[in-house]
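Hi there,

Here is the structure I promised to pass on. Have a look at it first, and my notes follow below.

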Amino acid sequence: MRKGSVKEVLAKLKYDPREDERDYYVIIEHRGAYGDVKKIPVELIELGHGYFFVGEAQIPYHRILRVVRKDGKVIWETRKDRRGESD
């Protein structure tokens, strides 16, 4: 499941012609949202160096908890749990 950094995984989904970015979304830690998480379609994301952008919002990669395909298969998941503790 976890192969490379989340930025590498997102770059593959966005730029590899064999993938369709519309089939994926990211789950981010987002305080104040229901369950403190938010789901963002990969097609709305612009990649940066330490951050990704959704419109004008700048979000650090470390807030991404998982990358999921529409059918529910987890493509990438952070090694730490939501409390920030490592496995």
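Some housekeeping before the rest. This is a predicted model, in which local features need pLDDT of at least 70 and side-chain atom pairs count only at pLDDT 80 or more, while totals for chains, interfaces and linings use all residues. Residues are numbered from 1 along each chain as its sequence is written, and side-chain values use heavy atoms, with hydrogens and water left out.

**Charges**

Eight salt bridges are present in the structure (a side-chain nitrogen of Lys or Arg within 4 Å of a carboxyl oxygen of Asp or Glu). Arg18 bridges to Asp16, with the closest N and O atoms 2.7 Å apart. Asp16 also meets Lys12, at 3.4 Å from N to O. Asp16 is buried at 12% relative accessible area, whereas Lys12 is partly exposed at 42%. A network of salt bridges links Lys12, Asp16, Arg18 and Glu19. Another salt bridge joins Arg31 and Glu29 at 4.0 Å, N to O.

**Sheet**

Four strands make an open sheet in the order β2-β1-β6-β7, with antiparallel pairing (helices, H or I with at least four residues, and strands, E with at least two, are DSSP runs numbered from the N terminus; two strands pair if DSSP finds at least two bridges between them). Its edge strands are β2 (37–41) and β7 (74–77). Five bridges hold the β1 and β2 pairing, and Glu29 stands opposite Val37 in β2. Between β6 and β7 there are three bridges, and Val67 has Trp76 in β7 as its bridge partner. These two strands form a hairpin with four residues between them, where Gly72 in the turn has a positive phi of about 100°.

**Core**

The largest nonpolar core has 16 residues (buried Ala, Val, Leu, Ile, Met, Phe, Trp, Tyr and Cys residues joined through side-chain atoms within 4.5 Å). Leu10, Val26, Phe52, Ile64 and Val67 have the most contacts inside this core. At least two core residues come from each of α1 (6–15), β1 (24–29) and β6 (64–69), and α1 gives the largest share, four residues. Beyond its neighbours within four places in sequence, Leu10 is in contact (heavy atoms within 4.5 Å) with Val26, Val42, Leu47, Tyr61, Ile64 and Val67.

Happy browsing!

Technical notes. Buried < 20%, exposed > 50% of the residue type's maximum accessible area, 1.4 Å probe, protein only.
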